[in-house]
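Student: I would like a close look at one part of this model, with the cut-offs spelled out as we go. Could you start from that part and then work outwards through the rest of the chain?

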Amino acid sequence: MFIELFPRLVTLLSFAMLGTAFLLIVRRDLAGQVRIFAVQSLALAILAAVVAAFARSIELTGVALALALLKVFIIPRVLNRAVARIGLQRAALPYLGTPATLVVCGGLVVIAFYVMAPIATSNPLPTAEAIPIAFAGVLVGFFVMVNRRRALTQILGFLMLENSIFLLALLATYGVPFIVEMGVFLD
């Protein structure tokens, strides 16, 4: 039963990560954006734990726990402290407005599915169906990073990009060696 449920759970958690990227685009206040990043990181940690359980990988379980600790608790706390110290309550408007940003990001999702669908269909791994979603997250994260005006919101875009790169590596390789995972994770 878990074998049939596993690909669906991976796809659902990957969509949750992509959905939080779009929520971060819509959200205006910095504290809310930091909370959304923490939720995205939690979905990634859960996904890594699910893949670790399915692959029976102790190393990947350790990475999932470290990811949860660092990106769900420590980094959001540091970012919230920076927001409080700087005194920013609202993020500066991005270069493109929210409707235009959503249209561009929607186009990036379409491009990601167009480019990665052949790769996903040729990949025999049970996580392959979610590879286009992860690549869409990479493109959206990169766009959010370059579309923001303030350094703190650019950092959030970079962290989203990093989450998506980790997701893409996790799905495409189905758990790479521990040292490679830690290198990507600590990047």
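Leaving aside its neighbours within four places in sequence, which residues is P94 in contact with?

Tutor: Happy to. A word on the ground rules: this is a predicted model, in which local features need pLDDT of at least 70 and side-chain atom pairs count only at pLDDT 80 or more, while totals for chains, interfaces and linings use all residues. Residues are numbered from 1 along each chain as its sequence is written, and side-chain values use heavy atoms, with hydrogens and water left out.

Now to your proline. With neighbours within four places set aside, P94 is in contact with R28, N147, R148 and R149; contact here means heavy atoms within 4.5 Å. P94 sits in the loop between α3 and α4, where helices (H or I, at least four residues) and strands (E, at least two) are DSSP runs numbered from the N terminus. P94 is buried, at a relative accessible area of 9%; buried means under 20%, exposed over 50% and partly exposed in between, with a 1.4 Å probe and protein chains only. Further along the chain, Q154 is 60 residues away from P94 in sequence, and their C-alpha atoms are separated by 9.9 Å.

Since 12 of the 17 residues are buried, α5 is largely enclosed by the rest of the structure.

T127 is buried, with a relative accessible area of 1%. Its side chain reaches the backbone oxygen of L171 at 2.6 Å. That is a polar contact: a pair of N or O atoms within 3.5 Å, where within protein one must be able to donate a hydrogen and the other to accept it, and residues adjacent in sequence count only if both atoms are side-chain atoms. Not counting residues up to four places away in sequence, T127 touches F6, V10, V51, L171 and Y174.

The search for aromatic pairs gives a count of one. F6 and F54 form that pair, and the pair is stacked, with 4.0 Å centre to centre and 5° between the planes. The rule takes rings of Phe, Tyr and Trp (its six-membered ring) with centres within 6.5 Å; planes under 30 degrees apart count as stacked, over 60 as edge-to-face and the rest as tilted. F6 lies in α1 (residues 2-26) and F54 in α2 (residues 30-55), so the pair ties together parts that are 48 residues apart in sequence.

Helix α2 has 26 residues, which at 1.5 Å a residue should span 38 Å, and the 37 Å between its end C-alpha atoms agrees. After α2 comes R56, with a positive phi near 55°, although R56 is not a glycine. Most residues other than glycine have a negative phi. R56 is in the loop between α2 and α3 and is exposed, at a relative accessible area of 75%.

Charged pairs come next. Two salt bridges are found in the whole structure, each being a side-chain nitrogen of Lys or Arg within 4 Å of a carboxyl oxygen of Asp or Glu. In one, the closest N and O atoms of E162 and K71 are 3.0 Å apart. E162 lies in α6 (residues 151-173) and K71 in α3 (residues 58-86), so this pair ties together parts that are 91 residues apart in sequence. Both E162 and K71 are buried. The other salt bridge joins D29 and R27, with closest N and O atoms 2.6 Å apart. D29 is partly exposed at 23% relative accessibility, and R27 is partly exposed at 33%.

Finally, the whole chain. It has seven helices and zero strands, and 47% of its 187 residues count as buried. Among contacts between residues at least 6 apart in sequence, 77% join residues at least 24 apart.

Definitions and conventions: Expected span 1.5 Å × (residues − 1).
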